[in-house]
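Please read these notes with the model open beside you.

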Amino acid sequence: MVLDLVQAVDDLKEDAPVTEMIKTPPPPPPPAAPEVIEVVEDTEEIEETIIESTETSQDAVVDEVIEVDDVEVGEEEEEITVPFAIIENVPVFPGCESAKNNEERKLCFQEKIQEHIIKEFTYPPAALELGIQGRVFIQFVIDSKGNIGSIRMRGPDKNLEKEAHRIVASLPRMTPGSQRGKAVSVPYSIPINFIIQ
């Protein structure tokens, strides 16, 4: 029994790895300082520029009187925006002039927008190739001059958004909507569905 224990202890002894100590050379000495320091006297005189303060004190009296002729104050008209659903007179899409009342003009407007989208619609080749489809929500404003502007869109792909923007930007100029007899801006939003069939 004693022999087995001695053998087990001998097996546990491991040889320590031999390591070499690498000697690095000492760092080089710092460069020596010059023995003689030469002092050079300033020979040129520099003329100092005095900067006077431009601030005035509270006690200073201003002698100059500046006369101002009549100043014309122009009123900048603020662009009024009225939602499509509640406007007194909706914008009139070209071809809807014969509609008798506001409800008929709204229906005609919506039909003409749909017709325009169908007529102008082109599926973006890049989106078609990748099989991208979805709904693009687009919002735009018919301003007080009847022009289309402030086009914003949100959709699943930039190519689809770009095509929706192109379709809406190509809308014709309209007769602007009016509220209390004054032309106003009218925001309108519509979804455009891009479906691969």
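How many aromatic pairs does a search of the whole structure find?

1. The search finds six aromatic pairs. Rings of Phe, Tyr and Trp (its six-membered ring) pair if their centres lie within 6.5 Å; planes under 30 degrees apart count as stacked, over 60 as edge-to-face and the rest as tilted. One of the pairs is Phe109 with Tyr188, which is edge-to-face, with 5.0 Å centre to centre and 75 degrees between the planes. Phe109 belongs to helix 2 and Tyr188 to strand 5, 79 residues apart, and the pair links these distant parts of the chain. Helices (H or I, at least four residues) and strands (E, at least two) are DSSP runs, numbered from the N terminus.

2. Phe109 and Tyr188 are both buried. Buried means under 20% relative accessible area, exposed over 50%, partly exposed in between (1.4 Å probe, protein chains only). Phe121 and Phe194 form a tilted pair, 5.2 Å centre to centre with 40 degrees between the planes. Phe121 is in the loop between helix 2 and helix 3 (125–130) and Phe194 is in strand 5, so this pair ties together parts 73 residues apart in sequence. Phe121 is partly exposed because its relative accessibility is 29%, whereas Phe194, at 0%, is buried. Ring pairs also link Phe93, Phe109, Phe140 and Tyr188 into a cluster.

3. This is a predicted model, in which local features need pLDDT of at least 70 and side-chain atom pairs count only at pLDDT 80 or more, while totals for chains, interfaces and linings use all residues. Residues are numbered from 1 along each chain as its sequence is written, and side-chain values use heavy atoms, with hydrogens and water left out. The mean pLDDT (the predictor's confidence in each residue, from 0 to 100) of the chain is 77, and 80% of its residues reach 70 or more. Over residues 1–5 the pLDDT is below 50. Where pLDDT is low, the predicted coordinates should not be read in detail.

4. Helix 2 covers residues 102–120. Its buried residues include Asn102, Cys108, Phe109 and Ile113. Among the elements that cover them are strand 1 (134–142), helix 4 (158–169) and strand 5 (186–194).

5. Leu160 is part of helix 4 and counts as buried because its relative accessibility is 0%. Its C-alpha is 7.1 Å from that of Ala127, although Leu160 and Ala127 are 33 residues apart in sequence. Beyond neighbours within four places in sequence, Leu160 is in contact (heavy atoms within 4.5 Å) with residues including Tyr123, Ala127, Val136 and Phe194.

Conventions:
Expected span 1.5 Å × (residues − 1).
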